[in-house]
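Visitor: Could you walk me through this one? I'd like to start with the strands and then move on to the metal.

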Amino acid sequence: MSTAGKMIRCKAAVLWKPGAPLDIEEIEVAPPKVEEVRIKIVATGICGTDMRSLEKKEFTHLCPIIIGHEGTGIVESVGEGVSTVKTGDKVIILCLPQCGKCNTCLNSKNNICTEIKLSMTHLTSEAGSRITCKGKLVHQYVSIGTFSEYTVIKEMSVAKIDEGAPLEKMCIIGCGFATGYGAAINSAKVTPGSTCAVFGLGGVGLSVIIGCKAAGASRIIAVDINKDKFVKAKAVGATECLAPQDFEKPIQQVLFDMMSGGADFCFEVTGNPDTVETVLASCHKDHGVCVIIGAIASWVSLNLNSQLFFSGRTLKGSALGGWKPKEEIPKLVSDYMAKKFDLEPLITQTLTLNKINEAVQLMKNGQCIRCVLLP
Ligand code: APR
Ligand code: ZN
Ligand code: ZN
């Protein structure tokens with residue numbers, strides 16, 4: 001029996017107060033309004049950014065809220081005016097919108113749609129959210145909130161993907177993979193034969209390595225304080241792995257010496273503000289390019305020694321790997337289907353949504369690259 005037009009009661013992991021564990025609750029998900037889409041979520045990953053939202057000290061959102069922004073699902077129903085997806089379509093949820101109309105969307109070089117201002121309200125639309133729990137309006141992290149069995153999001157934040165795509169794997173393309181892989185390909189524009197250094201070997205950092213390898217880098221040096229991450233880093237393409245604590249010299253000096261002046265391309269993927277200066281200093285002094293990918297809290301100012309800029313180094317940012325979300329993320333799914341890259345090494349665990357606090361703990365303990373949650 002069709003559920004279109006009706007309220008759906010289902011489960012979601014709800015955060016009631018900053019720093020608290022997630023509670024599996026029954027929620028009500030109202031039908032989609034104009035230009036909105038109701039999705040049955042099939043799989044969701046937990047990203048490093050979600051982990052930060054679960055920490056009290058970094059919490060800036062409004063509760064109650066459903067976290068999660070890497071998801072895939074099937075369209076249950078669509079609101080008025082929706083033309084790009086229909087009931088039954090397999091879709092990927094986009095953690096950045098693409099409205100198609102703003103100056104960013106109309107410029108082929110840009111990817112941070114001005115509608116990101118809506119995402120920052122953590123609501124479906126200016127008028128609120130379609131989700132309630134125990135009589136309270138529930139916020140959705142970046143207007144998405146994938147730690148749920150159903151969600152309602154804007155049409156500009158969802159894209160149809162290949163009919164044959166395995167949804168339980170494709171969810172990690174939605175943020176982690178697209179962010180890391182695109183940072184190497186689009187933001188840094190890694191060149192064949194170049195040297196690269198990647199700091200932070202979570203799901204995003206490993207995806208940077210996959211991108212560097214695809215771009216033809218000859219040397220990819222993986223750096224992490226957790227040596228347990230090295231096996232996976234090598235499996236996806238790192239040529240060497242280094243733990244900073246194993247050296248007497250600072251790691252930037254080690255890299256400077258190893259590559260006669262530093263690496264051609266360096267990537268900050270730890271999200272730790274103190275690492276940025278190290279990563280920049282690891283870049284080749286004359287032409288090195290340093291890309292900051294790790295999401296650093298908005299109130300943090302970076303401390304960078306001025307001498308690092310008495311050089312030809314470039315320091316740049318990257319969001320969602322520079323991809324135009326609605327247009328290009330589905331192409332990454334097609335590239336996966338065409339076996340251009342492998343995602344299996346990134347998915348280390350699969351659990352049901354009601355075990356989400358276990359998954360969070362695995363991430364906290366550094367025992368997990370990506371844990372995919374299924375309903
Ligand atoms: N030096 C080297 N590695 C570090 C350091 C450091 N000082 N601090 C942390 N790390 C490593 C951790 O050991 C971990 O392996 O960085 C890795 C971060 O990985 P995850 O927490 O799994 O995060 P991921 O999902 O990959 O996201 C990375 O991008 O989207 C952002 O907010 C996200 O900041 C996070 C970053
Ligand atoms: Zn736009
Ligand atoms: Zn993310």
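Guide: Two strands pair if DSSP finds at least two bridges between them, and strands (E, at least two residues) and helices (H or I, at least four) are DSSP runs numbered from the N terminus. This is a predicted model, where local features need pLDDT of at least 70, side-chain atom pairs count only at pLDDT 80 or more, and totals for chains, interfaces and linings use all residues. Residues are numbered from 1 along each chain as its sequence is written, chains are lettered from A and ligands numbered from 1 in the order in which they are written, and side-chain values use heavy atoms, leaving out hydrogens and water.

Visitor: In which sense do strand 3 and strand 19 pair?
Guide: Strand 3 spans residues 36-45, and strand 19 spans residues 370-374. Thr 44 has Leu 373 of strand 19 as its bridge partner. Over two bridges, the pairing is antiparallel.

Visitor: How many bridges join strand 18 to strand 19?
Guide: Strand 18 (residues 347-352) runs parallel to strand 19. Thr 352 stands opposite Leu 374 there. The number of bridges is five.

Visitor: Which geometry does the site of the zinc ion (ligand 2) have?
Guide: Its protein donors (N, O and S atoms within 2.8 Å of the metal, or 3.2 Å for Na, K and Ca) are the SG atoms of Cys 99, Cys 102, Cys 105 and Cys 113, lying 2.3 to 2.4 Å away. The angles among the four donor atoms are 103 to 116 degrees, and four donors pass if all angles lie between 85 and 135 degrees. That makes the site tetrahedral.

Key. Buried means under 20% relative accessible area, exposed over 50%, partly exposed in between (1.4 Å probe, protein chains only). Four donors count as tetrahedral if all angles lie between 85 and 135 degrees; four count as square planar and six as octahedral if opposite donors are over 155 degrees apart and all others between 65 and 115; anything else is irregular.
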